Amino acid sequence: MQITDHIHALKTHFQLVFSPERIVQRSVYLYLVFGEKVHLIDCGVKGVDQQIFAYLEAMDRKKEEIETLVISHSHPDHMGAAVSVKEKSGCKVAYHENERGWIEDIEKQYEERPIPGFHTLVEGSVSPDIVLKDDDLLRLEDGLNLNFIHTPGHSRGSISLYLEKDAALVTADALPLPGDLPLYEDIGESVASIRKLQQVPNVKVVFSSWEAPIQNPTEIKDRMEESLQLLRKIHETVCSNIEPEQSDMALCEKVVEELSLPPHAVSPIMAKAFSSSRKYCDKHLFRR
Ligand SMILES: [Zn+2]
């Protein structure tokens with residue numbers, strides 16, 4: 001669906017299979033930037049290349065017109081189909097240097113972040129043609145520039161993107177969504193990244209990976225503030241539940257209970273997220 005002059009949003013669906021009894025339906029947005037050429041922001045899980053190509057065909061464009069695939073970060077729902085997209089379109093792949101370890105070597109990612117059904121979601125490893133560093137600018141084509149904003153926290157090399165021509169900010173997974181499990185690796189970095197996004201001037205539309213585009217200035221402001229408040233609530237809960245010689249998993253159990261999160265939230269990934277608060281408990285993370 002076309003949202004701004006150049007950006008189209010494509011919603012894709014996938015499943016997380018924890019066991020035959022517990023299958024969780026998820027969705028993720030990817031974005032297509034239409035100019036002289038076509039540029040992709042993320043590409044969904046394995047197999048989504050077919051959906052992207054079908055969308056392009058419906059828009060009277062060809063897969064060979066894809067010039068760039070920018071990967072916001074290494075998680076499967078953002079790069080799972082990258083091998084096929086690159087092979088079938090001949091595009092260049094761009095991502096942040098801090099994500100190289102997990103995108104260039106998916107087995108390393110699986111070892112360090114073993115999400116269920118990983119290999120059904122990710123086709124293979126992809127090396128970058130363009131390596132992004134900190135804040136950067138990518139000239140997609142004449143007159144169409146993408147500003148990269150390094151927004152770590154969700155992962156070390158997560159990036160957000162700003163397309164100045166459309167006053168559009170793509171935040172990928174940088175803004176935790178109230179009501180969903182808050183996934184981040186480092187709460188201090190997440191908070192700093194959201195504050196960085198709040199400072200981007202002239203934002204008329206926000207695209208995230210988890211929800212429909214937000215186009216109202218008040219809603220954009222509220223959405224960012226809500227994410228901060230959600231992290232604040234978690235951080236305060238974690239810090240008030242820390243006990244001596246407590247394992248990360250034991251802390252996770254207490255926090256999940258206190259925040260009334262679903263029982264499956266007790267997991268190594270959430271334990272790591274919550275424990276990242278430990279080093280900030282005596283700092284004023286939320287004081288401006
Ligand atoms: Zn992610």
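Arginine 195 sits in helix α7 of this predicted model. The residue is buried, yet arginine 195 has no salt bridge. The nearest side chain of opposite charge belongs to glutamate 225, and it is 7.1 Å away.

Other charged residues do find partners, and the count of salt bridges comes to 15. One of them joins aspartate 180 to arginine 26, with the closest N and O atoms 3.3 Å apart. This pair links distant parts of the chain, 154 residues apart: aspartate 180 is in the loop between β10 and α7, while arginine 26 is in strand β2. Aspartate 180 counts as partly exposed because its relative accessibility is 23%, and arginine 26 is also partly exposed, at 24%.

Another salt bridge is formed by glutamate 243 and lysine 254, at 2.8 Å from N to O. Here glutamate 243 lies in the loop between α8 and α9, and lysine 254 lies in helix α9, eleven residues apart. Glutamate 243 has a relative accessible area of 39% and is therefore partly exposed; lysine 254, at 33%, is partly exposed as well. Glutamate 65 and arginine 61 form a salt bridge too, their closest N and O atoms being 2.8 Å apart. Arginine 61 counts as buried because its relative accessibility is 17%. Salt bridges can also join into a network, as they do for Lys37, Glu67 and Lys92.

Lys92 leads on to the strands. Lysine 92 is in β5, and threonine 68 stands opposite it. Strands β4 and β5 pair in the parallel sense over three bridges. β5 is also joined to β6 by three bridges, and these two strands run parallel. In that pairing, alanine 94 has isoleucine 130 of β6 as its bridge partner. Is β5 mostly covered or mostly open? Four of its five residues are buried, so by the cut-off of under 20% relative accessible area the strand is mostly covered.

Helix α3 covers residues 82-89. Its buried residues are Ala82, Val83, Ser84, Val85 and Ser89. Among the elements that cover them are β3, α1, β4 and α2. Just after α3, glycine 90 takes a positive phi of about 75°.

Most residues other than glycine have a negative phi. Asparagine 202 has a positive phi of about 55°, and this residue is found in the loop between α7 and β11. Glutamate 245 has a positive phi near 50° and lies in the loop between α8 and α9. Asparagine 202 is partly exposed, at 46% relative accessible area, and glutamate 245 is exposed, at 86%.

Which residues supply its protein donors? They are His73, His75, His154 and Asp173, with donor atoms 2.1 to 2.3 Å from the ion. The four donor atoms subtend angles of 89 to 177°, which makes the arrangement irregular. Histidine 154 lies in the loop between β8 and β9 and aspartate 173 in the loop between β10 and α7, so the pair ties together parts that are 19 residues apart in sequence. Both of these residues are buried.

Note on methods: Residues are numbered from 1 along each chain as its sequence is written. This is a predicted model: local features need pLDDT of at least 70, side-chain atom pairs count only at pLDDT 80 or more; totals for chains, interfaces and linings use all residues. Side-chain values use heavy atoms; hydrogens and water are left out. Buried means under 20% relative accessible area, exposed over 50%, partly exposed in between (1.4 Å probe, protein chains only). Contact means heavy atoms within 4.5 Å. Donors are N, O and S atoms within 2.8 Å of the metal (3.2 Å for Na, K and Ca); water is not among the atoms, so sites may look incomplete. Four donors count as tetrahedral if all angles lie between 85 and 135 degrees; four count as square planar and six as octahedral if opposite donors are over 155 degrees apart and all others between 65 and 115; anything else is irregular. Two strands pair if DSSP finds at least two bridges between them. Lys and Arg count as positive and Asp and Glu as negative; His and the chain ends are not counted. A salt bridge is a side-chain nitrogen of Lys or Arg within 4 Å of a carboxyl oxygen of Asp or Glu.
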